[in-house]
Amino acid sequence: MSSEPLLEMRQVNAHYGAVHALVDVNLAINQGELVCLLGGNASGKSTTLKTLLGMLKPTSGEVVLNGEVVNDKPTSYRVSQGVTMVPENRRLFKRLTVRENLDLGAYLRVDARQIAGDMERVFELFPRVKERLNQKAGTLSGGEQQMVAIGRALMSDPKVLLMDEPSMGLAPALVQQNFELIQQIHETGMTVFMVEQNANMALSIADRGWVLQTGRVVLDDTAQNLLAHPELQASYLGTAK
């Protein structure tokens, strides 16, 4: 594992007009890790993802990708350098087939042979996706749509996979399956940064985590230590006495 973080935020501040959405945020995502960012509504989780992806420019601080400061680089550049996201609620193109959705994941690539190989790897990870290739994405179950959304992201050949609220919108019975899918992806060597409200499930598979409150990182520790932290238990896990 490289000693230099793969993706990093250094003292990042971000605003929406007069609203100070991120306050001196420091995050470092190392190669091969599965890390999570926890927090309630309006805590700054989505703003963090937008800032990492280049959809929102920091008012101060630095976003660093592979050692390069990318504050002024567009989203397309960051994707080409290995950052991609599985968006909240999957956001598939529902009138397109599963294959067409997967093909869109590789839209910035020109290495046809490698693209074909990555498609086969997606099929190995998710045999159900291969069975549904010619089916319209909008007709799939929630769990199947999540597989396609992850597969589409993997087709960009990412170095780090960002996931925005991966359990949102899934039936309770599918939530466990969803986190098993994420763990399965991580076990292939993929670096994963997951933004999630379901603290228990996220920390059960993560290596490390951060907790955001009103744009500030208030906790930063290993997943095991966060699960046992009294403040986190009281605020998110519902297990404090």
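Helices (H or I, at least four residues) and strands (E, at least two) are DSSP runs, numbered from the N terminus. You're looking at a predicted model, where local features need pLDDT of at least 70 and side-chain atom pairs count only at pLDDT 80 or more, while totals for chains, interfaces and linings use all residues. Residues are numbered from 1 along each chain as its sequence is written, and side-chain values use heavy atoms, with hydrogens and water left out.

**Stop 1: H3 and H6**

Select H3 and H6. Two packed helices are described by the angle between their axes and the distance between the axes. Here the angle is about 35 degrees, and the axes are 6 Å apart. (Axes are lines fitted to C-alpha atoms, for helices over the stretch in contact, and angles run from 0 to 180 degrees between N-to-C directions.) The crossing of H3 and H6 is right-handed. Now show side chains: H3 brings Val98, Asn101, Leu102 and Gly105 to the contact, and H6 brings Val148, Gly151 and Arg152. Contact means heavy atoms within 4.5 Å. Sorted by class, that contact of H3 with H6 has three nonpolar, three polar and one charged residues. For that sorting, Ala, Val, Leu, Ile, Met, Phe, Trp, Tyr, Cys and Pro count as nonpolar, Asp, Glu, Lys and Arg as charged, and the others, Gly among them, as polar.

**Stop 2: H3 and H4**

H3 passes H4 in a right-handed crossing. Pick out Arg99, Leu102 and Asp103 on H3, then Met119, Val122 and Phe123 on H4, to see the contact. The residues of this contact of H3 with H4 are four nonpolar, no polar and two charged.

**Stop 3: Leu102 and the cores**

Which residues does leucine 102 touch, leaving aside its neighbours within four places in sequence? They are Met119, Val122, Phe123, Val129, Leu133, Val148, Gly151, Arg152 and Met155. Zoom out to the largest nonpolar core, with 47 residues, where Leu102, Phe126 and Met194 touch the most other members. Its largest share, six residues, comes from H6 (residues 142-154). Apart from it lies another core of 25 residues, including Leu27, Leu49, Leu52 and Trp210. A nonpolar core is a set of buried Ala, Val, Leu, Ile, Met, Phe, Trp, Tyr and Cys residues joined through side-chain atoms within 4.5 Å. Buried means under 20% relative accessible area, exposed over 50%, partly exposed in between (1.4 Å probe, protein chains only).

**Stop 4: H1 and its end**

Jump to H1 (residues 45-53): seven of its nine residues are buried, so this helix is largely enclosed by the rest of the structure. The buried ones are Lys45, Thr47, Thr48, Leu49, Thr51, Leu52 and Leu53. Just after H1, glycine 54 takes a positive phi of about 90 degrees. From there, click on lysine 73, in the loop between S5 (68-69) and H2 (75-80). Beyond its neighbours within four places in sequence, lysine 73 is in contact with Gly54, Glu68 and Arg78, and it counts as partly exposed at 32% relative accessibility.

**Stop 5: Glu196**

Buried or exposed: what is glutamate 196? Glutamate 196 is buried, with a relative accessible area of 1%, and it lies in S8 (residues 191-196). Its contacts, leaving aside neighbours within four places in sequence, include Lys45, Glu165, Ser167 and Phe179.

**Stop 6: two loops with positive phi**

Finish with a pair of non-glycine residues. Aspartate 157 has a positive phi of about 60 degrees; look for it in the loop between H6 and S7 (160-164), where aspartate 157 is partly exposed at 43%. Threonine 214 has a positive phi near 45 degrees and is found in the loop between S9 (208-213) and S10 (216-222). Threonine 214 is exposed, with a relative accessible area of 62%.

Technical notes
A crossing is left-handed if the near helix is turned anticlockwise from the far one by less than a right angle, and right-handed if clockwise.
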